[in-house]
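Student: I have a model open and want to learn how to read its features. Where do we begin?

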Amino acid sequence: NTWGYVEALKESLFVLPSKWVLHTPLHFIILSKLHILINDQNLIRLIFCIVSISVPILFYLCLKIHFSDQNKNNLLILASLTFLLPSFRAGAIWANDHITALFFFLLFLIFFLKWNKKKNLGNLTVNVYLQLIFLALAVYTRQYYALIYVYVMYIYFKRFSFFNF
């Protein structure tokens, strides 16, 4: 249903998505740029499916950072359970935008968890900027990640001085 939007974005970035989809366009822009390079819908879906394998890997890295005192094998098993979720498998096969948003969100979470473990959080670092960039990409892919943005702003407000905030 959304492939028409991907093809329309190939021609112009100023196409309203409401005819095809109600989501924000970042995922579909990425697919349209891939479609310019690779003119085969099935091959694009295969590439997206292969890239989707990185989601459980990123999830494992998040678990490893947050639960550093736990057994790594248990964390690996937990992260591998992602492959059993029907919504993950369907999203990977059909190149759905929730996989793209989850990819960006997990990248944000890796940087956030590393930053949050540090003792001195009073200054802005490249890490914070990367957090905000990946969270913005996740929000621009799926809108419901905007709720996480509100929480992150609350954490920043608590941790930074007023000037740095």
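Tutor: With burial. Buried means under 20% relative accessible area, exposed over 50%, and partly exposed in between. R142 has a relative accessible area of 15%, so R142 is buried. Keep in mind that this is a predicted model.

Student: What is the mean pLDDT of the protein chain, and which elements have the lowest and the highest mean?

Tutor: pLDDT is the predictor's confidence in each residue, from 0 to 100. The mean for the protein chain is 88, and 93% of its residues reach 70 or more.

Student: Which residues of helix α1 are buried?

Tutor: In α1, residues 3–11, they are W3, Y5, V6, A8 and L9. Their cover includes α2 (26–37) and α3 (41–52).

Student: How many salt bridges does a search of the whole structure find?

Tutor: One. D97 pairs with R142, and the closest N and O atoms are 2.8 Å apart. D97 lies in helix α7 (residues 97–117), and R142 in the loop between α8 (126–141) and α9 (146–159), so the bridge ties together parts that are 45 residues apart in sequence.

Student: Is D97 buried or exposed?

Tutor: Buried. Its relative accessible area is 6%.

Student: Now the aromatic rings. How is a pair described?

Tutor: By the distance of the centres and the angle of the planes. A search of the whole structure finds nine aromatic pairs. One of them is F112 with W115, at 5.8 Å centre to centre with 40° between the planes, and this pair is tilted.

Student: Why are F112 and W115 separated by about one helical turn?

Tutor: Start with the general idea. An α-helix has 3.6 residues a turn, so residues three or four places apart point the same way. Here F112 and W115 are three residues apart in helix α7, so about one helical turn separates them. Both are buried. Ring pairs also link F112 and W115 with F105, F108, Y144, Y145 and Y156 into a cluster.

Student: Which residues form the nonpolar patch on the surface?

Tutor: L43, L46, I50, I53, I57, L61 and F83. Together they have about 600 Å² of accessible area. α3 and α4 (54–66) each supply at least two of the patch residues. α3 gives the most, with three.

Student: Where does F83 lie?

Tutor: In the loop between α5 (72–80) and α6 (86–93). F83 counts as partly exposed because its relative accessibility is 36%.

Definitions and conventions. Residues are numbered from 1 along each chain as its sequence is written. This is a predicted model: local features need pLDDT of at least 70, side-chain atom pairs count only at pLDDT 80 or more; totals for chains, interfaces and linings use all residues. Side-chain values use heavy atoms; hydrogens and water are left out. Buried means under 20% relative accessible area, exposed over 50%, partly exposed in between (1.4 Å probe, protein chains only). Helices (H or I, at least four residues) and strands (E, at least two) are DSSP runs, numbered from the N terminus. Contact means heavy atoms within 4.5 Å. Patches are made of residues with over 30% relative accessible area and no salt bridge: like charges are joined within 9 Å, nonpolar side chains (Val, Leu, Ile, Met, Phe, Trp, Tyr) within 5 Å. Accessible areas come from the Shrake-Rupley method with a 1.4 Å probe; for residues, only the protein chains shown count as cover. A salt bridge is a side-chain nitrogen of Lys or Arg within 4 Å of a carboxyl oxygen of Asp or Glu. Rings of Phe, Tyr and Trp (its six-membered ring) pair if their centres lie within 6.5 Å; planes under 30 degrees apart count as stacked, over 60 as edge-to-face and the rest as tilted.
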